[in-house]
Amino acid sequence: MSTTILLGPQRFTTTVGATVRSLGVTGRIAMVNSGWEERESDDGELAGHLDGRGVNLRLHHRMMDVLTKDQHFAAAAVAFRDRMDELRAFYGIRLQAAIDAVHAVAHRTSIHAVGPIAEESAMEAVREVDRWYAAELDELYGSVRATAPLDESGTIGWHRGEIGALLDECEAVVIAGGNVRTLLRTLRVFDVTLRPEQSVVAWSAGAMALTDEVVLFHDFTPHGVAAAELHDRGLGRLPGIVALPHAKRRLMLDDHERMSVLARRFAEHRLLLLDDGAVVRFPDGATELPAGARVIDRTGHVSVVGVA
Amino acid sequence: MERLAVNRLRERLPLDGPTIDRFVERYGCPIIEGERATFLYRGDVDEVWVRHRVVGLPDPLPLKRIGESDLWAVTTVLPEGSRVEYQIEIRKGEHYERFNDPLNPRLAHSPMGSSSVCAAIGYRVPEWVAHDPEARPGTLVEEQVHSRALRRDQPVQIYLPARFNRAQRYPLLVVHDGTDYLQFAAMKTVLDNLIHRLDVDPLVAVFVPPRDRLKEYPNHAPHARFIARELVPLLTQRLPLIDTPEARCLMGSSFGGIASLSTAVRYPGFFGSLMLQSASLVFTDIGFDHGGGPAFDPVVKFVNRFREKPSAVVDRLFMSCGVYEPLITPNRSMVPVFRHAGMTVRYTESRDGHNWENWRDRLGDGLAWLFPGPQKFVYE
């Protein structure tokens with residue numbers, strides 16, 4: 001079985017080269033950096049870290065090609081995005097109100113022990129909003145599959161074939177960060193399936209894409225929905241983990257109440273912090289967090305796996 | 001606190017020319033020391049004043065001659081973060097003249113000409129104002145739109161964001177005094193930068209200049225009809241815009257703020273948000289003596305009527321105003337009126353006046369609130 005490694009952001013602390021070398025990979029390495037969008041082809045530095053063995057799958061470029069050549073798909077893509085944007089807008093309104101309710105309830109003085117019950121109920125309301133969003137998103141994907149099946153697009157089929165052939169030649173895959181929405185979209189449209197025997201190294205948005213639930217977060221965002229938002233399903237290679245890149249920069253880690261709400265909201269997941277320098281290894285197909293990984297626990301504090 | 005430079009200079013009387021030269025060269029003008037600003041003028045004149053429009057400071061602000069020299073000075077309080085536009089006025093015999101401060105190279109520009117700028121301690125031009133070579137530039141397209149409402153061809157400039165893509169949909173921002181916003185508030189550069197920094201969602205903006213501003217901006221039915229029934233539908237038909245009220249915003253400053261609000265009042269629910277900068281929200285509580293002159297008559301009539309029966313014509317309203325401008329009181333007064341009507345209001349004040357650089361500096365806050373950028377999607 002292969003190894004999966006999640007790294008911290010690579011912009012200032014670049015460890016991808018050493019990490020890939022540590023895997024002992026001798027063959028070609030597939031590069032996925034469609035999250036960089038129009039900068040996808042500026043991959044010289046990344047390829048350099050891979051000792052020139054990198055093969056860029058050029059998923060963003062391929063997506064542009066499909067949008068240009070397949071008008072039916074292009075129209076369906078716009079319609080899908082419109083509906084998803086509307087769904088996200090309603091989700092944001094409901095979610096923020098539900099989160100605000102949790103904090104309001106938590107701050108209310110409780111003399112007769114109603115407080116904790118009310119708070120758990122308010123938390124459940126947040127989870128219900130998340131479930132509603134996930135169900136609506138599934139429904140949306142279902143309707144798109146029915147009206148504009150990706151399998152029927154000749155252009156997409158051609159690209160899928162080429163991507164599949166490239167992947168077959170590669171021993172490992174690296175997935176870079178960037179715009180996680182774009183990254184997930186390209187992975188989904190081209191049905192990029194990671195082979196069980198392929199080792200994977202991913203960071204930032206790439207790390208998020210490997211999980212089963214991609215959660216958007218930015219506690220310091222000046223405006224808009226302040227609460228973390230469920231976004232989409234990822235590739236599911238690392239189920240049960242919510243990847244939180246740039247955690248120190250994007251999360252109010254000192255606000256334990258806020259962090260506790262986040263951890264309890266995604267109670268079935270481990271909230272994994274991926275800051276600069278982080279290296280989290282999942283050897284031999286493992287999906288359990290290894291010792292040393294930093295997570296947010298239910299109390300809202302940062303704890304280290306394996307440390308009592 | 002250390003004594004002011006100009007007071008230390010006064011101890012060295014009598015002053016000769018080279019001493020004054022060195023002083024001016026060393027300290028420049030105005031001299032900012034803590035929350036004090038000292039204005040200087042040098043010349044053989046009978047009187048000198050600083051002319052400005054800062055509510056709360058005397059205007060004209062007289063300078064005094066230092067000893068028997070040709071150097072004049074006055075020191076005034078200038079709170080942290082302030083930014084003041086001013087000119088120098090001199091009298092020589094019966095001759096009066098007014099001009100920008102010859103000792104201060106820093107200028108601000110407006111449709112009325114230029115002014116000197118005094119920036120207090122703590123004031124910084126926002127970094128997103130200057131051209132950023134890393135920010136991909138959007139495109140400005142000039143067009144003539146025929147308007148039946150206005151009975152003329154109306155020039156507009158349409159801003160398409162970098163990476164404009166017909167497979168995406170964009171919100172629409174309608175900018176009153178559009179040419180001035182582009183020229184004096186660097187709005188294209190500001191949009192390019194704010195979008196590049198992910199602070200603001202990529203958007204389409206249409207910059208609309210007035211022809212007869214004093215007629216068209218204070219609650220003018222043909223203008224409102226042009227915007228809501230001609231321009232926006234035309235753009236929605238031609239461009240990939242999000243066709244919902246939430247994605248449509250009107251903005252303007254001063255009378256342009258009134259044009260924005262009055263258009264929204266005439267077409268309630270059609271626009272989702274407004275951005276009003278130092279809007280001329282002048283009103284009277286009793287009688288009609290508003291003191292603004294005839295140009296403000298239709299404004300006061302409109303604002304008085306709105307105050308009598310406030311309604312939520314949009315969902316969200318961003319308001320900004322400078323605390324040194326006379327409109328600060330009406331703007332502050334209208335915030336609770338708008339909120340009580342049911343609109344969500346974000347209101348900010350700045351230590352600045354009724355000018356384009358003030359409005360420029362507030363664009364970041366306003367646009368990021370109205371059109372939050374996609375920061376949550378990007379994890380580099």
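Is the crossing of H4(B) and H11(B) left-handed or right-handed? The crossing is right-handed, and point 6 returns to this pair of helices.

1. Basis of the note. This is a predicted model, in which local features need pLDDT of at least 70 and side-chain atom pairs count only at pLDDT 80 or more, whereas totals for chains, interfaces and linings use all residues. Residues are numbered from 1 along each chain as its sequence is written, while chains are lettered from A and ligands numbered from 1 in the order in which they are written. Helices (H or I, at least four residues) and strands (E, at least two) are DSSP runs numbered from the N terminus.

2. The interface between the chains. On the side of chain A, 26 residues are in contact with twelve residues of chain B, contact being counted when the C-beta atoms of two residues, placed from the backbone, lie within 7 Å. The elements of chain A that give two or more residues to this side are helix H4 (71-107), strand S5 (178-179), helix H7 (180-189) and helix H8 (205-209), and H4(A) gives the most, with four residues. By class, the residues of this side of chain A divide into twelve nonpolar, nine polar and five charged; here Ala, Val, Leu, Ile, Met, Phe, Trp, Tyr, Cys and Pro count as nonpolar, Asp, Glu, Lys and Arg as charged, and the others, Gly among them, as polar.

3. S5(A) is joined by two bridges to strand S19 (residues 378-379) of chain B, and the two strands run antiparallel; two strands are taken to pair if DSSP finds at least two bridges between them. Within this pairing, A:Gly178 has B:Tyr379 of S19(B) as its bridge partner. Strands of a sheet pair through backbone hydrogen bonds, either parallel or antiparallel.

4. The six-stranded sheet of chain A, and a further strand pair. The sheet is open, with mixed pairing and the strand order S3-S2-S4-S6-S1-S11; its edge strands, each pairing on one side only, are S3 (54-56) and S11 (279-282) of chain A. The twist averages 20° from one strand to the next. Strand S1 (residues 4-7) of chain A pairs with S11(A) in the antiparallel sense over four bridges, and A:Leu6 stands opposite A:Val280 in S11(A). Elsewhere in chain A, four bridges join strand S7 (residues 213-216) to strand S8 (residues 229-233), again with the strands running antiparallel, and A:Val215 stands opposite A:Leu230 in S8(A). From S7(A), A:Glu213 and A:Val215 point one way and A:Val214 and A:Leu216 the other way, and all are buried, a residue being buried if 20 or more other C-beta atoms lie within 10 Å of its own, exposed if 12 or fewer, and partly exposed in between.

5. Helix packing in chain A. Helix H3 (residues 59-69) and helix H6 (residues 154-169) of chain A pack at an angle of about 160°, with their axes 9 Å apart, the axes being lines fitted to C-alpha atoms, for helices over the stretch in contact, and the angles running from 0 to 180 degrees between N-to-C directions. H3(A) and H6(A) are therefore roughly antiparallel to each other (under 35 degrees counts as roughly parallel, over 145 as roughly antiparallel, 65 to 115 as roughly perpendicular and the rest as oblique). The contact is made by A:Arg62, A:Asp65, A:Val66 and A:Lys69 of H3(A) and by A:Thr155, A:Ile156 and A:His159 of H6(A), giving two nonpolar, two polar and three charged residues.

6. Helix packing in chain B. Helix H4 (residues 187-196) and helix H11 (residues 363-370) of chain B pack at an angle of about 50°, with their axes 11 Å apart, which makes H4(B) oblique to H11(B). The residues in contact are B:Met187, B:Val190 and B:Leu194 of H4(B) and B:Leu363, B:Gly364, B:Leu367 and B:Ala368 of H11(B); by class, six are nonpolar, one is polar and none is charged.

7. A buried glycine in chain B. B:Gly252 lies in strand S15 of chain B and counts as buried, with 29 C-beta neighbours inside 10 Å. The C-alpha atoms of B:Gly252 and B:Gln277, which are 25 residues apart along the chain, are separated by 6.2 Å.

Conventions: Left-handed = near helix turned anticlockwise from the far one by under 90°.
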